Amino acid sequence: MEFCSFEEAIAVPWKTLPKGVSEIFLAMSVAENFEATHRRNVGKLSATDFQNLKTFKDVLCDKQQFNHNHISSATLEKLTGITACNIHSIVGAILAQDILKVKFGEQKPIHNFYHFDGEAAEGTLLQIGC
């Protein structure tokens with residue numbers, strides 16, 4: 001069984017994403033692109049970055065030919081000045097189960113991404129990319 005690379009999976013145009021894709025997923029994509037473009041450490045957005053992040057979102061949405069309204073300013077603001085919560089054990093356990101499924105041929109693996117929203121304490125599977 002072969003899988004596409006992470007880079008290939010996230011390189012898909014946003015307009016081809018499945019309906020109902022999480023707003024936080026899109027906001028995190030904006031934040032990751034902002035950090036990469038501005039050579040920032042991952043997860044180190046400060047409250048002073050908020051205005052620049054909003055502008056960057058608009059530019060990125062235009063580039064992706066994507067509706068700006070799908071990513072609210074409130075969601076972007078949640079990503080500034082925070083650190084990742086301690087959900088590594090939850091996500092690690094889910095990924096470990098998936099590896100065992102693939103190893104023993106029990107079921108298909110998770111499609112590309114598992115997104116866990118720590119604030120809402122819920123997770124979603126996203127099939128995007130390859």
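Start by selecting Lys57, which sits in helix H3 (residues 50-64); helices here are DSSP runs of H or I with at least four residues, numbered from the N terminus. You are looking at a predicted model, in which local features need pLDDT of at least 70 and side-chain atom pairs count only at pLDDT 80 or more, while totals for chains, interfaces and linings use all residues. Residues are numbered from 1 along each chain as its sequence is written, and side-chain values use heavy atoms, with hydrogens and water left out.

Is Lys57 buried or exposed? Lys57 has a relative accessible area of 9%, so it counts as buried (buried is under 20%, exposed over 50%, partly exposed in between, with a 1.4 Å probe and protein chains only). Now show what it touches: beyond neighbours within four places in sequence, Lys57 contacts Val30, His68, Ile71 and Leu76 (contact means heavy atoms within 4.5 Å).

Next, pick Asp58. Lys57 forms a salt bridge with Asp58, the closest N and O atoms being 3.7 Å apart; a salt bridge needs a side-chain nitrogen of Lys or Arg within 4 Å of a carboxyl oxygen of Asp or Glu. The structure holds one salt bridge. Asp58 is partly exposed, at a relative accessible area of 31%.

Go on to the core. The largest nonpolar core has 21 residues, and those with the most contacts inside it are Trp14, Leu17, Leu26, Val30, Leu53, Ile71 and Leu76. Such a core is a set of buried Ala, Val, Leu, Ile, Met, Phe, Trp, Tyr and Cys residues joined through side-chain atoms within 4.5 Å. Helix H2 (23-37) and H3 are the elements that give two or more residues to this core, and H2 gives the most, with seven residues.

Click on Trp14. Leaving aside neighbours within four places in sequence, its contacts include Leu26, Val30, Leu60, Phe66 and Ile71.

Colour H2 next. Among its buried residues are Ile24, Phe25, Leu26, Val30 and Phe34. At the N-terminal end, Ser22 caps H2, with a side-chain oxygen 3.2 Å from the backbone nitrogen of Ile24. Just after H2, Arg39 takes a positive phi of about 50°.

Last stop: Gln65, in the loop between H3 and helix H4 (73-78). What is its phi near? Phi of Gln65 is near 55°, a positive value in a residue other than glycine. Most residues other than glycine have a negative phi. Gln65 counts as exposed, at 57% relative accessibility.

Methods: A polar contact is a pair of N or O atoms within 3.5 Å; within protein, one must be able to donate a hydrogen and the other to accept it, and residues adjacent in sequence count only if both atoms are side-chain atoms.
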